Amino acid sequence: MTDTESRRSYDDPPYAASRREPTGWVGMVVFAGVMLLMLGSFQAIEGLVALFRDDFYLTTNSGLVIPMDYSAWGWTHLILGLIAAGAGFGILYGQMWARIVGIVIAVFSALANLAFLPAYPVWASIVIAIDVLVIYALTAHGREVRY
């Protein structure tokens, strides 16, 4: 090894180009992962309530945008919640598949809660807002987290 090579730091061009330092936007991706975990919990709770307490919601199933039995809605929300929580863990571990699944699940979650809006408007509105934040964080800054 020559004297010049030993004095070269890792910030010099040959080494700096091969690695990228994460920016401050990593926090948005971690936020999206945590929000997906929370969203999955919300969806699972919403699904369990729909399965076990049909009388909890404000409207009958005929008053919903898509008139289905609350058991069907319960299973829909429960499955969405479990997948969202799994994607949240994957995002926190920096997995590319989790970003894709997280975006897709957030879109489906927003659509399901839009259809479920007459049954529980405040809860569904909160979940839709979280979905929008997750979609933004994962599409705009998702590539920041790679381990």
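This is a predicted model: local features need pLDDT of at least 70, side-chain atom pairs count only at pLDDT 80 or more; totals for chains, interfaces and linings use all residues.
I take helices and strands as DSSP runs, helices of at least four residues and strands of at least two, numbered from the N terminus.

**Overall layout**
I read along the sequence and got the pattern α-α-α-α-α-α. My tally of the secondary structure is 6 helices and 0 strands. Then I checked separations: among contacts with a separation of 6 or more, 71% are between residues 24 or more positions apart.

**Surface and burial**
I looked up the accessible surface of the chain and found about 8,600 Å². Carbon and sulfur atoms hold 68% of that area. Of the 147 residues, 35% are buried, and I'm using under 20% relative accessible area as the cut-off there.

**Core**
Which residues have the most contacts inside the largest nonpolar core? I get Leu36, Ile91, Ile130, Val134 and Leu138, in a core of 24 residues. Helix 3, helix 4 (70-92), helix 5 and helix 6 (121-141) are the elements giving two or more residues to this core. As background, nonpolar side chains tend to be buried together in soluble globular proteins.

**Helix 3 against helix 5**
Next I went to helix 3 (residues 26-52) and helix 5 (residues 96-115), which pack at about 35 degrees with axes 12 Å apart. The crossing is left-handed. On the helix 3 side I noted Leu36, Leu39, Gln43 and Glu46, and these meet Gly102, Ser109 and Asn113 in helix 5. Sorted by class, I have 2 nonpolar, 4 polar and 1 charged residues in this contact.

Technical notes:
Residues are numbered from 1 along each chain as its sequence is written. Side-chain values use heavy atoms; hydrogens and water are left out. Axes are lines fitted to C-alpha atoms, for helices over the stretch in contact, and angles run from 0 to 180 degrees between N-to-C directions. A crossing is left-handed if the near helix is turned anticlockwise from the far one by less than a right angle, and right-handed if clockwise. Contact means heavy atoms within 4.5 Å. Ala, Val, Leu, Ile, Met, Phe, Trp, Tyr, Cys and Pro count as nonpolar, Asp, Glu, Lys and Arg as charged, and the others, Gly among them, as polar. A nonpolar core is a set of buried Ala, Val, Leu, Ile, Met, Phe, Trp, Tyr and Cys residues joined through side-chain atoms within 4.5 Å. Buried means under 20% relative accessible area, exposed over 50%, partly exposed in between (1.4 Å probe, protein chains only). Accessible areas come from the Shrake-Rupley method with a 1.4 Å probe; for residues, only the protein chains shown count as cover.
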